[in-house]
Amino acid sequence: MKKTITRGNMFRQLKADLGGKDSYRGVTLTYTWLANQFGHFSLGFIPAFIVYLVLKNHMDEARAALTAAWSISALWLVFEAINFLWPLTIGKKGGVKSYVFQPAWGNVAFDTVTDLLFFWLGAFFCSLLCKDTTIARVVVVVTGVLLLYPTYYWYLTKMYLQTPGYPFQFRLSQWSTEQIAPEDINLIRRFLDSNTQGMHLFLFGPKNSGKTSLSVAIATELSIRHYSAVYTSAMKLYCMFYEQDDDTTADVLWTWRKASILVIDDINPGDPVKEDLITSERFLSFVDGSSTNDINRTALKDTNVIWVLGNDDEDRKLSATWQNMLHSIGVEREKMLFLNLEKYAPKKKPAKAEYGLQMQS
C-alpha cells in the first residue's frame, strides 16, 4: 500500500461534511454515510417515541419507555435479518450459486450490524429521554461504545471509495455474465489477492462486454480493503504524465503515481470502432514525452494497473504488443494477466427486415 489516509485527512473531511451547503457543492460518499446513519438513528428514535406515547396511557412511564425501545429494537432486528438473508440468498435467482463472484459476506454482515446498532441507539436514547432508567442508560452507553470502531471503519472506507473518482458504485458480486470460465475467475482472484506490487491486468473486449464495469468492480473491492486507487481515462492520464506530484490539496489525497491501484479506462473503445485509436507505442511516447518520464515509467512499473482496451484478435495481436511495451519499461512478464471478455459479450442480434415488401412489376 503506497499511500494511506491519515486521521488528519479524516478530520478535514469530517469538517467539510459538517459545514457548507450541499445545494451548491455536491454530496460526498462520506456525507451520505453520515446522513444514512442519522436516518437509522431517527428510525429507531421516532417509532419508539410513537409507541411510548401509546403505551404510557396503559402502564407506568418507565415500563412504557423500555417496552417501546425493546419492541422497536426487536422489529429492526427481524427486518435486518430478512434484509440480509433474502436478497442475497433465497431472493436471488438460482440462489447463492448464481453469483459469478460471491458477495463479501463478512463485509455485508458488518454493515448490517452497524445499522442495527444505530437503530438500537436511537430507540433507547428515546427511552432515556422519555423516562430515565438504568437499563436505558446502560444500553445507550454500550451501543455508543460499540459504534466507535464501526463508525471509524466505515467513514474511512467511504474516503477510500470516493477519492479514486469511480464513475459509478459497483461491487464485484454485481458483475455477472451468462457464464465465465473458471480459469478467468481464478485470474481475477489472482490479481485481487496478490500482495505483489506491479501486477498488470489487461481487459480486452468490444462495447457492452462489461470491461469497464469489471475494472471498477475489482478496484472497488481493493478500495474497500483500504488500498489507495485512482480511476482515470487514458486521455486524462496523458495530461497527468506531464504533471508534478502535489499532495497539498485537501481534495487530492494521492496522485496516480502514489496510488496502489490504477484503472486506465477507454484506452481503445473496441467494436463497433474497428481501429485502435492508441497503440502501445503511442502510449509509451506519452509516458516518455515529458521531463517526468523516468518517474512515469517507475510508477507504471510498480503500481497494480488495470488496462481497459478494445478487441484483441490474432491479426492485431494487441496482447503481445502491450506486453512487450510493459516489458520494455521493466515489468516482468509473469506479472501480466490477460482477460478477453469478447467471448462473454452479448451476441449481436440480426438486423430486422424493413417493414413492408416491394411491389413486383
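A disulfide is taken here as a pair of cysteine sulfur atoms within 2.5 Å. The structure under discussion is a predicted model, and by this criterion its disulfide count is zero.

**Cysteines**

The sulfur of Cys-126 lies 3.9 Å from that of Cys-130, the closest cysteine sulfur, and this separation is too far for a bond. Cys-130 likewise takes part in no disulfide, its nearest cysteine sulfur being that of Cys-126. The table gives the accessibility of each residue.

| Residue | Relative accessible area | Class |
|---|---|---|
| Cys-126 | 1% | buried |
| Cys-130 | 17% | buried |

**The sheet**

Five strands make up an open sheet with parallel pairing, in the order S2-S3-S4-S1-S5. From one strand to the next, the twist averages 15 degrees. In general, the strands of a sheet pair through backbone hydrogen bonds.

Strand S1 (residues 200-204) is joined to strand S4 (residues 304-308) by four bridges in the parallel sense. Phe-202 has Trp-307 of S4 as its bridge partner. Helix H9 (residues 211-224) lies across S1, S2, S3 (261-265), S4 and S5, and runs at about 165 degrees to S4.

In soluble globular proteins, nonpolar side chains tend to be buried together. The largest nonpolar core in this model has 67 residues, and Trp-307 is one of those with the most contacts inside it, as are Phe-241, Trp-256, Ile-264, Phe-283, Leu-300 and Trp-322. Helix H5 (residues 105-130) gives the most to this core, contributing nine residues.

Which residues does Ile-264 contact, leaving aside its neighbours within four places in sequence? Its contacts are Thr-232, Ala-234, Leu-237, Phe-283, Val-305, Ile-306, Trp-307 and Val-308.

**Helix H3**

Helix H3 (residues 29-55) contains 27 residues. Its span from first to last C-alpha is 39 Å, close to the 39 Å expected at 1.5 Å a residue. The buried residues of H3 are Thr-30, Trp-33, Gln-37, His-40, Phe-41, Ser-42, Gly-44, Ala-48, Tyr-52 and Leu-55. An α-helix has 3.6 residues a turn, so residues three or four places apart point the same way.

Key: Residues are numbered from 1 along each chain as its sequence is written. This is a predicted model: local features need pLDDT of at least 70, side-chain atom pairs count only at pLDDT 80 or more; totals for chains, interfaces and linings use all residues. Side-chain values use heavy atoms; hydrogens and water are left out. Two strands pair if DSSP finds at least two bridges between them. Helices (H or I, at least four residues) and strands (E, at least two) are DSSP runs, numbered from the N terminus. Axes are lines fitted to C-alpha atoms, for helices over the stretch in contact, and angles run from 0 to 180 degrees between N-to-C directions. Contact means heavy atoms within 4.5 Å. The expected span of a helix is 1.5 Å times one less than its number of residues. Buried means under 20% relative accessible area, exposed over 50%, partly exposed in between (1.4 Å probe, protein chains only). A nonpolar core is a set of buried Ala, Val, Leu, Ile, Met, Phe, Trp, Tyr and Cys residues joined through side-chain atoms within 4.5 Å.
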